[in-house]
Amino acid sequence: MPSPHQGLRNGETPPRVPPHHHHHFHSTVAVQKLRRFNTLILVFRFAAFCFCLTSTIFMATNSRGSNYPSWRDFEAFRFVLAANAIVALYSLAEIGVSVWEIFRGTTVLPEIVQVWFDFGHDQAFAYLLLAADAAGTALARTLGGSDTCTDSNAFCVQADISVALGYAGFVFLGLSSLLSGFRVVCFMVLGSRFHI
C-alpha cells in the first residue's frame, strides 16, 4: 500500500492543510462584526426617530386657542412639523429593516438595491430636515424680537424646543447616512455591504 507521502522527495515536507475550524472561526467573527455594525445603525436610527417624533409632538401641540399664536400660522413651523414627521416615519421603517437584517442576516430588498436605497434616502431626508430646521431657526429669531413672543412667551419657547429637537434628529440621521455611505463604498469595491 503506497504511503501518503510517497510522491515527496527527500527533505520535503507534505503541504500543511489548514484546519477546518479556522474557517469557521473567521466566519463567526465576520458575522459578529456585521451584527455590531448593524446594531450601531439601529441605535442611530432609533435616536433619530425619537428626536424627530418628539419634535413633531412639540410643534403639533404648540397652539393654545384662537386668541394665541399657533404653529399653523407660520409656514416655517409647518415645514418643521412636516419634515420631522416624515423623517420619524422613515426612521421607524428603517428600524424595522435594521432589526430584520440583524436577526435574519440578509437585507429586506436585494443587497444592491438596499444599500443605495438607504444611502439615497438618508441623504435626501437629512437635507430636508436641515432645511426645515434652518427655516424654523430664522423664524424663531424673527419672532424673538416681536410682540408675538412678548405676548405669548410659552409659544416661542415650545417652538424653539421643537426646532432644537429637529437638529438633534438631523445629527443622528447624518450619522446613519455616514454608515450607509460606508456600506455603499464597500459594496462598490468589494461586492459586499460590509468590509470583513
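Reader: Hi! Starting with F117: buried, partly exposed or exposed?

Author: Hello! F117 counts as partly exposed, because its relative accessibility is 31% and that class runs between 20% and 50%. Keep in mind that this is a predicted model.

Reader: Thanks. Which helix holds F117?

Author: F117 sits in helix α3.

Reader: And what nonpolar surface patch is there?

Author: There is one of about 930 Å², and F117 is one of its members. Also among them are W100, L109, W116 and M188.

Reader: Which helix gives the most to that patch?

Author: That's α3, with four residues. Both α3 (111–144) and α5 (153–190) supply at least two residues each.

Reader: Changing topic to charges: how many salt bridges does a search of the whole structure find?

Author: Four. One of them joins the side chains of R45 and D122, at 2.9 Å from N to O. This pair links distant parts of the chain, with R45 in helix α1 (residues 20–60) and D122 in helix α3, 77 residues apart.

Reader: Nice. Is R45 buried or exposed? And what about D122, buried or exposed?

Author: R45 counts as buried because its relative accessibility is 3%, under the 20% cut-off. D122 is buried too, at 0% relative accessibility.

Reader: What does R183 pair with?

Author: R183 forms a salt bridge with E101, where the closest N and O atoms are 3.0 Å apart. E101 belongs to helix α2 (residues 75–104) and R183 to helix α5, so this contact ties together parts that are 82 residues apart in sequence. R183 also forms a salt bridge with D118, with the closest N and O atoms 3.5 Å apart. Since D118 lies in helix α3 and R183 in helix α5, that pair ties together parts 65 residues apart in sequence.

Reader: Are those three residues, E101, D118 and R183, buried or exposed?

Author: E101 counts as buried, at 4% relative accessibility. D118 and R183 are buried as well.

Reader: Which residues do salt bridges with shared partners join into one network?

Author: R45, E94 and D122.

Reader: Last topic: where does UniProt put the "transmembrane region" annotation?

Author: The unreviewed UniProt entry gives it for residues 42–61, 81–103, 124–144 and 164–190.

Reader: How much helix does the model have over residues 42–61? And over residues 124–144?

Author: Residues 42–61 are 95% helix and 0% strand, and their end C-alpha atoms are 28 Å apart. For residues 124–144 the values are 100% helix and 0% strand, with 30 Å between the end C-alpha atoms.

Notes:
Residues are numbered from 1 along each chain as its sequence is written. This is a predicted model: local features need pLDDT of at least 70, side-chain atom pairs count only at pLDDT 80 or more; totals for chains, interfaces and linings use all residues. Side-chain values use heavy atoms; hydrogens and water are left out. Patches are made of residues with over 30% relative accessible area and no salt bridge: like charges are joined within 9 Å, nonpolar side chains (Val, Leu, Ile, Met, Phe, Trp, Tyr) within 5 Å. Accessible areas come from the Shrake-Rupley method with a 1.4 Å probe; for residues, only the protein chains shown count as cover. Buried means under 20% relative accessible area, exposed over 50%, partly exposed in between (1.4 Å probe, protein chains only). UniProt positions are given in the numbering used here, feature names are shortened, and annotations may be inferred rather than shown by experiment.
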